[in-house]
Amino acid sequence: MNSLEIKSPRTYQHGVRVAFLAEKFAPALQLDNSEKEMLIRGCFLHDIGKLFVPSRILEQEGPLSDQQWKIIKLHPELGAELLLEQVYTEQGIVDLVKHHHERWDGNGYPSGLKGKEIPFQARVCAILDAFDCMLTTRSYRKPVTFEEAKTELILHKNKQFDGEIVDLFLSLSEQMSDLYYFFRKR
């Protein structure tokens, strides 16, 4: 992650925020301590595969070409491969990293998993990842409001995201707003 922080501070900070969201959300998910730690660490590492994506693509302003999207879409598998080389990484974290871009309807990547085929913690990370992306500045767009982000999650419930997890997250989302107030002031 130190290498990712140097290469793409924006991507690194995104991982930090997604891990914070996971820590705040974990009690509502009724995870045991081991599962909670795995979720937090997995959310921190979820974009580690972007180490292998050229910086010019990560920082590009404006839309990506089809070829650039193909490269971006490699990051979950590349991240999982990198973590498999680390003897201390639990399989649950590897699975979260590999499958955090799968979609509830089966139209995600890299494996086209759908519904409960997607590991639970990857389904959680997908929601937190998207929520953070919407609320923060990206090289290609400005952040949306808190209410707009919540609306987007609702619109993509049971399509992109597990609807039950979205509902639970949204019931607690006001508790997350302070995090974004803090990060916008930095």
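Student: At the start of helix 10, what does a side-chain oxygen of D162 reach?

Tutor: In this predicted model, that oxygen comes to within 3.0 Å of the backbone nitrogen of E164. The cut-off for a polar contact between N and O atoms is 3.5 Å.

Student: Which residues of helix 10 are buried?

Tutor: Helix 10 covers residues 163-172, and its buried residues are G163, I165, V166, F169, L170 and L172.

Student: What do the buried residues of helix 10 pack against?

Tutor: Three helices: helix 2 (9-29), helix 8 (120-135) and helix 9 (146-155).

Student: Take H14. Why is H14 called buried?

Tutor: Its relative accessible area is 1%. Buried means under 20%. So H14 counts as buried. This residue lies in helix 2.

Student: What makes the pairing of the H14 and D132 side chains a polar contact?

Tutor: The distance is 2.5 Å. The limit is 3.5 Å. The H14 side chain therefore makes a polar contact with the side chain of D132.

Student: Which residues does H14 touch, beyond those up to four places away in sequence?

Tutor: H46, D47, D129, D132, C133 and R138.

Student: How do you know that V124 is buried?

Tutor: Set the value against the cut-off. V124 has a relative accessible area of 1%, and buried is under 20%. That settles it. V124 sits in helix 8.

Student: Which residues is V124 in contact with, leaving aside neighbours within four places?

Tutor: V124 is in contact with F25, L29, L39 and I165. I165 is also one of the buried residues of helix 10.

Student: Now the salt bridges. How many does the structure hold?

Tutor: Eight. Side chains of opposite charge can pair when their charged atoms come close.

Student: What makes R41 and E90 a salt bridge?

Tutor: Their side chains meet at 2.5 Å, N to O. The cut-off is 4 Å, from a Lys or Arg nitrogen to an Asp or Glu carboxyl oxygen. So the pair qualifies. The two residues are 49 places apart and link distant parts of the chain. R41 is in helix 3 (residues 33-45), and E90 is in the loop between helix 6 and helix 7 (91-99).

Student: Why is R41 called partly exposed?

Tutor: R41 has a relative accessible area of 34%.

Student: Are D167 and K157 buried or exposed, or in between?

Tutor: In between. D167 is at 39% and K157 at 24%, so each counts as partly exposed.

Student: What about K50 and D47: why is that a salt bridge?

Tutor: The closest N and O atoms are 3.6 Å apart. The limit is 4 Å, so the pair counts. Both K50 and D47 are buried.

Student: Last one. What makes L78 partly exposed?

Tutor: Its relative accessibility is 31%. That falls between the cut-offs of 20% and 50%. L78 is in helix 6 (residues 75-84). With F52 and L74, L78 makes a nonpolar surface patch of about 260 Å². Patch residues need over 30%, and the 31% of L78 passes.

Note on methods:
Residues numbered from 1 in each chain as written. Predicted model: local features only at pLDDT ≥ 70, side-chain atom pairs only at ≥ 80, totals over all residues. Heavy atoms only, no water. Buried < 20%, exposed > 50% of the residue type's maximum accessible area, 1.4 Å probe, protein only. Helix = DSSP H or I, 4+ residues; strand = E, 2+ residues; numbered from the N terminus. Contact = heavy atoms within 4.5 Å. Polar contact = N/O pair within 3.5 Å; in protein donor to acceptor, adjacent residues only side chain to side chain. Patch = residues over 30% accessible without salt bridge, like charges linked within 9 Å, V, L, I, M, F, W, Y side chains within 5 Å. Areas by Shrake-Rupley, 256 points an atom, 1.4 Å probe, with all protein chains shown as cover.
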